[in-house]
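Student: I am new to this model and would like to learn how to read it. Could we take it feature by feature?

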Amino acid sequence: MEAKKIFKIIEKHAPLSLQLDFDSSGFNVGNREAEIVGVLVSENVTHEVIQEAIDNNCNLIISHHPAIFGEDIDEFTQSIVAFAHDNEITLYSAHTNLDAVEGGLNDKLCEYLGIEVESGFGTCSRIGHFKKPGTLKDKAKEIGKLLNDTHIRTVGNLDRELKTVCVSCGSGGRDDAMVEDIKGKNVDVVIGGENKLSLALKMQYYDICLIETGHYNSEILCKDIFADWLKDIGIKVVKSTKDVNPYNE
């Protein structure tokens with residue numbers, strides 16, 4: 001199957017029109033016309049992931065985070081691009097369009113964490129409620145276990161009972177506008193990654209709890225989504241095992 005036909009399958013589910021204006025989703029590196037014999041799906045593109053694709057005879061990597069992000073290509077990015085190019089591996093990504101689309105990463109994360117989605121919120125967030133309410137302390141522990149994240153951080157009263165939740169995967173916890181918008185919506189807690197100190201202080205002031213998980217941990221479910229969308233293409237789809245969290249656990 002040609003690479004561009006596989007791109008169309010992904011884009012049918014997560015249209016590129018949904019990506020945010022700063023994003024670089026879509027075709028990144030390689031050959032749109034290449035005949036694909038195997039697909040490796042991952043959250044990130046690293047040298048180890050490219051080598052994994054080579055070892056598994058996969059000449060297309062579909063990742064969540066783009067290999068090339070923005071116009072400034074640094075030495076690390078250049079080395080990634082060169083390694084893929086030299087081994088005739090095509091790189092494609094679905095990033096903020098995957099976050100935003102119905103049935104995409106935020107919805108998958110909500111499902112995984114036992115959150116019933118009530119509505120989309122902003123571009124890349126969801127508002128819902130826990131199917132089984134619990135305290136901030138208990139929910140933080142539960143979420144850490146589910147996402148294999150040993151560095152969960154919280155803001156707020158640990159004994160507070162949580163019901164309504166706003167979920168924004170990846171670096172969604174850094175979204176100033178989101179916090180301003182939810183302060184009047186009776187949201188008990190935000191689940192998001194890579195929060196800023198300024199926002200943590202603001203959420204404390206607004207009496208909104210925070211469960212901060214790692215960026216990597218909150219988006220690893222992208223592999224399951226990609227694999228499901230490509231399950232009927234007639235060629236092998238491999239979930240990366242070399243795409244690992246760079247932080248020490």
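Student: Which residue in strand 4 is the bridge partner of isoleucine 62?

Tutor: Tyrosine 92 is the bridge partner of isoleucine 62. Strands and helices here are DSSP runs numbered from the N terminus, with at least two residues (E) for a strand and at least four (H or I) for a helix. Two strands pair if DSSP finds at least two bridges between them. Strand 3 (residues 60-63) and strand 4 run parallel and are joined by 4 bridges.

Student: What should I keep in mind about the model itself?

Tutor: The model is predicted, so local features need pLDDT of at least 70 and side-chain atom pairs count only at pLDDT 80 or more, while totals for chains, interfaces and linings use all residues. Residues are numbered from 1 along each chain as its sequence is written, and side-chain values use heavy atoms, with hydrogens and water left out.

Student: Do strands 1 and 4 run parallel or antiparallel?

Tutor: They run antiparallel, with 3 bridges joining them. Valine 29 stands opposite leucine 91 of strand 4.

Student: Which way do the residues of strand 4 point, and are they buried or exposed?

Tutor: Burial is read from relative accessible area: under 20% is buried, over 50% is exposed, and in between is partly exposed (1.4 Å probe, protein chains only). In strand 4 (residues 90-93), Thr90 and Tyr92 point one way, Leu91 and Ser93 the other, and all are buried.

Student: Which residues touch the most other members of the largest nonpolar core?

Tutor: In soluble globular proteins, nonpolar side chains tend to be buried together. A nonpolar core is a set of buried Ala, Val, Leu, Ile, Met, Phe, Trp, Tyr and Cys residues joined through side-chain atoms within 4.5 Å. The largest one here has 40 residues, and Val39, Ile62, Ile191 and Phe226 touch the most other members. A second, separate core has 15 residues, including Val45, Ile89, Leu91 and Val238.

Student: What does isoleucine 191 touch?

Tutor: Contact means heavy atoms within 4.5 Å. Leaving aside residues up to four places away in sequence, isoleucine 191 touches several residues, among them Leu113, Phe130, Val165, Cys166 and Ile211.

Student: How many salt bridges are there?

Tutor: A salt bridge is a side-chain nitrogen of Lys or Arg within 4 Å of a carboxyl oxygen of Asp or Glu. By this rule the count is 12. One of them joins lysine 4 to glutamate 33, at 3.0 Å from N to O. Lysine 4 is in helix 1 (residues 3-13) and glutamate 33 in the loop between strand 1 (26-29) and strand 2 (38-42), so the pair ties together parts that are 29 residues apart in sequence. Glu2, Lys4 and Glu33 are linked in a network of salt bridges.

Student: Where do lysine 139 and glutamate 142 lie?

Tutor: Both lie in helix 6 (residues 136-146), 3 residues apart, about one turn of the helix. Lysine 139 is buried at 4% relative accessible area, whereas glutamate 142 is partly exposed at 32%.

Student: How many disulfides does the structure hold?

Tutor: A disulfide is a pair of cysteine sulfur atoms within 2.5 Å, and the structure holds 0. For cysteine 166, the nearest cysteine sulfur is that of cysteine 110, 8.7 Å away. Cysteine 166 is buried, at 0% relative accessibility. Cysteine 209 is in no disulfide either, and the nearest cysteine sulfur, that of cysteine 166, is 13 Å away. Cysteine 209 is buried as well, with a relative accessible area of 1%.
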